[in-house]
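Please look over the sequence and the model shown here before reading on; the paragraphs that follow go through its helices and its aromatic rings in turn.

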Amino acid sequence: MTITDTDTAPVNWNPEALDAIVSNDRDRPVLFTNARIVTMDPLIGTMTGADILFVGSLIVGVGPAIVTAAEDDNAIVVDCTGMTIVPAVVDTVALVGGRGRRSEYVATLTPGNTTDFLVVPDELADDVPSAVATLLSRPEQVRALVAAGRPVRWAGIDAPGRATAPEAGIPDAPDLTGSPRVGVWIDRKDFLHQELTAEGRYDETRGGRSHAYQGRFWIDGDRIDYLDDLGFWAYGEFHGDELHHAGYVMKLS
């Protein structure tokens with residue numbers, strides 16, 4: 001089924017493949033096929049009508065015609081017609097030309113790298129930043145978010161048995177009772193409401209949609225780091241009485 005109305009949440013997208021991936025023992029290859037793939041690898045570049053093959057948490061192949069071997073390898077096949085696949089983690093240093101050699105690049109869809117990628121409709125993925133922005137602003141349009149080879153979101157909703165953020169090495173949130181930065185921060189257009197609690201939890205309302213994003217946060221000086229319950233990280237900065245986050249400028253209500 002092809003979804004052409006991007007304002008309608010996908011109801012059904014490769015459900016059999018999802019069931020197979022969730023129940024997979026991670027030894028069976030998984031192939032996302034017939035996609036536009038923005039690898040962010042300076043040698044491989046962007047490919048149309050291409051495939052990405054992974055086993056467990058490792059990407060083992062990227063390019064056209066991998067699907068021809070899928071039956072031989074008993075691969076789980078996910079049809080991505082009309083979809084764009086981009087890295088789920090963006091190497092911002094590489095984006096601005098801050099890495100001189102290909103071996104220094106991280107977060108690319110390159111064989112040998114970790115299987116972390118995002119699948120969104122072509123019309124929502126003019127480039128990598130716009131595709132990643134879809135996860136934040138229109139999560140119902142995300143066809144798949146895969147982290148270390150496991151589905152996190154699928155067809156616009158949380159995947160069953162989805163991966164969760166690792167706990168190792170993540171500090172407990174400090175007690176922020178009495179902190180002047182605790183409260184509800186609201187952006188200038190009254191679209192984004194972000195509540196920061198003394199327990200180190202945040203709860204976002206976006207465009208009237210309650211609990212759009214929830215998770216933990218840590219404040220270090222004027223920097224705030226967010227770890228969403230979906231498993232992705234984000235950050236913001238305090239500038240005087242303003243909180244800048246993901247293009248939004250907020251003030252305490």
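Which strands do the buried residues of α3 pack against? They pack against β1 (30-38), β5 (83-87), β6 (117-121), β7 (144-147), β8 (150-154) and β13 (209-220), where contact means heavy atoms within 4.5 Å. This is a predicted model, in which local features need pLDDT of at least 70, side-chain atom pairs count only at pLDDT 80 or more, and totals for chains, interfaces and linings use all residues. Residues are numbered from 1 along each chain as its sequence is written, and side-chain values use heavy atoms, with hydrogens and water left out.

In helix α3 (residues 128-137), the buried residues are V128, A131, T134 and L135, buried meaning under 20% relative accessible area, exposed over 50% and partly exposed in between (1.4 Å probe, protein chains only). Seen down the axis of α3, these residues fall within an arc of 120°, so they line one face of the helix; the arc is that of the directions from the helix axis to the C-beta atoms.

Rings of Phe, Tyr and Trp (its six-membered ring) pair if their centres lie within 6.5 Å, and planes under 30 degrees apart count as stacked, over 60 as edge-to-face and the rest as tilted. A search of the whole structure finds 8 aromatic pairs. The rings of F32 and F117 have centres 5.0 Å apart and planes at 80°, so this pair is edge-to-face. It links distant parts of the chain, with F32 in strand β1 and F117 in strand β6, 85 residues apart. F117 counts as buried, at 0% relative accessibility.

Conventions. Helix = DSSP H or I, 4+ residues; strand = E, 2+ residues; numbered from the N terminus.
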